[in-house]
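Here's a quick tour for anyone meeting this structure for the first time. Have a look at the sequence and the model, then read on.

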Amino acid sequence: MLAIPRGGLPLGRAVADALDVPLDIAVAKKIGAPGNPEYAMGAVASDGSVWRNEEAFRGFGGGDEEYFEQKRAEEAEAARQKAERYRGDQPEPGLAGKTVVLVDDGVATGSTAFACLEQIRNADAVKVILAIPVGPPSTVKELNDVADEVVCLKTPRSFMGVGQFYDRFDQVSDEEAMAYLEREP
């Protein structure tokens, strides 16, 4: 069981406990567009696995390969450092030949989920399941093309953001998120 930090860890912990399986992380960072860092041109996971949003890339006049590669390298390093910080001295889990469930708190564009799914595939997982509570229908459909299965509780047509479907959608701090990874002796 893997969760995407930070917001995916509270849900990941609940699912891992219910299934009585260990919880670890899959970390990815968004690659923002030039002049609009919140608009994802892609995302890159801690192992360097990359997802590229071709539609967004075309929207920027064919994109800028040099910019994309520079940002990809920067964000891959940031994701790697975050994974190391979260894991501490624990080794990265072996995923080869396993069924892996990836949990997040929801998706909008799905950029980090796409990159994490790519990372899990590259680790030779035999089956990859994405578990999310909410996402727009178009993104969930695209994720179904990448994951073996997507479990999504709500796919509302009127989707403004993940937070609109939570009573409370407070930011999860790194410290709080890491606490969800603490292993019992």
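Strand E3 gives the most to the lining of the largest pocket, with five residues. This is a predicted model, where local features need pLDDT of at least 70 and side-chain atom pairs count only at pLDDT 80 or more, while totals for chains, interfaces and linings use all residues. Residues are numbered from 1 along each chain as its sequence is written, and side-chain values use heavy atoms, with hydrogens and water left out.

E3 spans 28–33, and helix H1 (8–19), strand E4 (36–45), helix H3 (65–87) and helix H4 (111–122) also supply at least two lining residues each. (Helices are DSSP runs of H or I with at least four residues, strands are E runs with at least two, numbered from the N terminus.)

The structure also holds one cavity of 30 Å³ or more. On a 1 Å grid over the protein atoms alone, a cavity is a set of points where a 1.4 Å probe fits but cannot get out, and a pocket is an open set with protein on both sides within 12 Å along at least five of seven lines; lining residues have an atom within 4 Å of a point. Here are the two spaces, by volume and lining:

Leu 2, Arg 87 and Gln 119 are among the residues lining the cavity.

Now for two charged residues. Asp 104 sits in the loop between strand E6 (99–103) and H4. The nearest side chain of opposite charge to Asp 104 is Lys 82, 9.9 Å away. Lys 82, found in helix H3, is also buried without a salt bridge, and its nearest opposite charge, Asp 174, is 4.3 Å away. Leaving out residues up to four places away in sequence, Lys 82 touches Pro 5, Arg 6, Val 27, Lys 29 and Asp 174 (contact means heavy atoms within 4.5 Å).

Last stop: Ile 129, in strand E7 (residues 127–134). Why does Ile 129 count as buried? Because its relative accessibility is 14%. Ile 129 and Val 146 are 17 residues apart in sequence and 9.6 Å apart in space, C-alpha to C-alpha.

Notes:
Buried means under 20% relative accessible area, exposed over 50%, partly exposed in between (1.4 Å probe, protein chains only). Lys and Arg count as positive and Asp and Glu as negative; His and the chain ends are not counted. A salt bridge is a side-chain nitrogen of Lys or Arg within 4 Å of a carboxyl oxygen of Asp or Glu. Grid points are joined across faces, edges and corners, and a volume is the space filled by probe spheres set on the points.
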